Amino acid sequence: MRARELASEFPTVGLETDALVAARLLADQNLPGLIVVDEHGLPDTILPGTQVLRFALPRYVQDDPKLAAVVDEVTADAFCQALAGTPVRDLLPTKARELPVADGGDTVLEIAALMARARSPVVAVVEHRRLLGAVTLDALLDRILPR
Amino acid sequence: MTGWLPWAAIAVFTVSYVLIATERIHRVAAALGGAAVMLALGITDAEAAFFSEESGVDWNVVFLLLGMMIIVGVLRQTGVFEYLAIWAVKRARGRPFRVMVLLVLITAVASALLDNVTTVLLVAPVTLLVCERLGVPVVPFLIAEALASNIGGTATLVGDPPNIIIASRGGLSFNDFLSVLAPLVVGLLVVFVGLCRVLFRRAFTYRPARADAVMGLSEREAITDLRLLVKSLVVLTAVMLAFVLHTVLHLEPSVVALLGAGLLVAVSKLPVSDALAEVEWPTLAFFMGLFVMVGGLVHTGVIEKLSEAAAEATEGEMLLTSMVLLWASAALSAIIDNIPYVATMSPIVADLVEAAQGNSGGTDPNVLWWSLALGADLGGNATAVGASANVVILGIAERNRHKISFWEFTKYGLIVAVITVALSVPYLYLRFFAFT
């Protein structure tokens, strides 16, 4: 099976999309990550869901996890409000990582190798400079695991 | 000082020192590289570098640091710092100036007992949380804590790495530091609190509704393992008592710290990797490299010549020597790391103290050690790069989107450094010169 056959339609966001909208998309559609596209509609990078959490969570709580316990429930429930008004661009990791984009003709093994190397749960599939969709980790595992 | 070896020692030392000061390469690489070149050229040898008390690695310093790092590593996991800080903030009822005073005092006391960098690493995250809840700017609080950690660390033998070097090279005990430096530091902290009121006056807007948000924090949740906390506090208290009872127990501080660390690792039952997580191996390697390099200067007679020149220049005038040492150390420590500075100056000061024995007109020659300690420790406050705690605070602030520029820190730090060093002058005079 080739990437073009495995790829399914996948929501995308732009670099300027509001981070709260992107997070809502992740939650509503139960997605492991989002494809971030440039002005030409081509994949710019993948935004993993955990990266959204890393941004929303105050850095001082990440530095000192014990502080997460001392905050009261009402405030703890509201920590995702930090995402409002922030563009997706600001959520992306500062270090450039390998862009997990597969060609439509790539095999399952090539996609798996790319996913493992880039540590990304989503691989975008592009053919003839057009985004066909994406292959998610669960779709890939479903295809390769023995029944 | 004959032949080419002394000149080679000076050249290698200077190049390494410039590399450390300019951070062109990592300071550990510069120090270990310099040490390796000195050994390879025969400037020093294995016997002198590893086994000599005068010109080798000061293992008392290395193992004291190692022991305290392990103790801090275990203590950190108890949540006691978070508990204390939030408890104090709630006692202040969310009033910003009171909050700053209590956080500054906690930082200073903790820095006197532990190391400065660990202290600010523990207090800064709580400060960010509290200031966010209070709706006050966090930058003044973070700067005040860095400055307080350097002042508090000056008080004891274990408070700041330069003090550990000075104690070992000068044969000074924990109680010597407590009796000479701690009273001055208490006075300096009082003055510092007053300075905070003036310097950061715009940061103290009180909002009752926001203060209520702070009262909702639950400090008890920070303590996740009460048994570990009790064990850690018992061992830390025992270690401090053993430092104080040095004259009775006859145990070197390094031995006490190692015993405490070993005991704590054994009773805490933490995985060894967790217990040793706070050990800064690069810092220990840096110290070893420095000691070998300075040992090379001692071994080849360079330090002896420098000491003679210094003694001639000051003509045995203890007051003049003391003041020059205080202010020059403060100025140099403001721009370069005070650890290599003190490591280099220690053998020179040791020679000056020895030369002054019985020849100082009744003045205690150890005043030179105290001048070196005060200058190096307090001078570190002057700039953003003057002390490790300052650099760490700048890093934490930036990661939390509250960038503090070099000059923003320095405009406060310089005032505090000049005032605290200036206040040390009458203290040293009254304590060591006025009544002799």
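Guide: Let's start with strand E2 (residues 33–37) of chain A: 4 of its 5 residues are buried, so the strand is largely enclosed by the rest of the structure. Buried here means that 20 or more other C-beta atoms lie within 10 Å of a residue's own, while 12 or fewer makes it exposed and anything in between partly exposed, with C-beta atoms placed from the backbone. Helices (H or I, at least four residues) and strands (E, at least two) are DSSP runs, numbered from the N terminus.

Some housekeeping: this is a predicted model, where local features need pLDDT of at least 70, side-chain atom pairs count only at pLDDT 80 or more, and totals for chains, interfaces and linings use all residues. Residues are numbered from 1 along each chain as its sequence is written, with chains lettered from A and ligands numbered from 1 in the order in which they are written.

Back to E2(A) and its partners; two strands pair if DSSP finds at least two bridges between them. On one side, strand E1 (residues 12–14) of chain A runs parallel to E2(A), joined by 3 bridges, and Gly14(A) has Val37(A) as its bridge partner. To get from E1(A) to E2(A), the chain passes through helix H2 (residues 19–28) of chain A in a right-handed β-α-β crossover. Right-handed means that, with the strands pointing away from the viewer, the path from the first strand over the helix to the second runs clockwise.

E2(A) also pairs with strand E3 (residues 43–48) of chain A, this time antiparallel and over 5 bridges. Leu34(A) sits opposite Leu47(A) there. The two strands make a hairpin with 5 residues between them, and Gly41(A) in the turn has a positive phi of about 80°.

Further along chain A, look at strand E5 (residues 122–127), which is joined in parallel to strand E4 (residues 101–103) by 3 bridges. Asp103(A) is opposite Val126(A). Here the chain crosses through helix H8 (residues 108–118) of chain A, and this β-α-β crossover is right-handed. E5(A) then pairs with strand E6 (residues 130–136) of chain A in the antiparallel sense, over 6 bridges, and Val122(A) has Thr136(A) as its bridge partner. That hairpin has 2 residues between its strands, with His128(A) in the turn at a positive phi of about 50°.

How far can you trust chain A? Its pLDDT (the predictor's confidence in each residue, from 0 to 100) averages 86, and 99% of the residues score at least 70.

Now for the neighbour: 15 residues of chain B are in contact with 10 residues of chain A, contact meaning C-beta atoms, placed from the backbone, within 7 Å. Helix H5 (80–91) and helix H7 (116–134) of chain B each supply at least two residues of the side of chain B that touches chain A. H7(B) provides the largest share, 4 residues.

H7(B) turns up again inside: the largest nonpolar core has 156 residues, with Ile71(B), Leu142(B) and Leu372(B) touching the most other members, and H7(B) gives the most to this core, 12 residues. A nonpolar core is a set of buried Ala, Val, Leu, Ile, Met, Phe, Trp, Tyr and Cys residues joined through C-beta atoms within 7 Å.

Notes. Contact = placed C-beta atoms within 7 Å.
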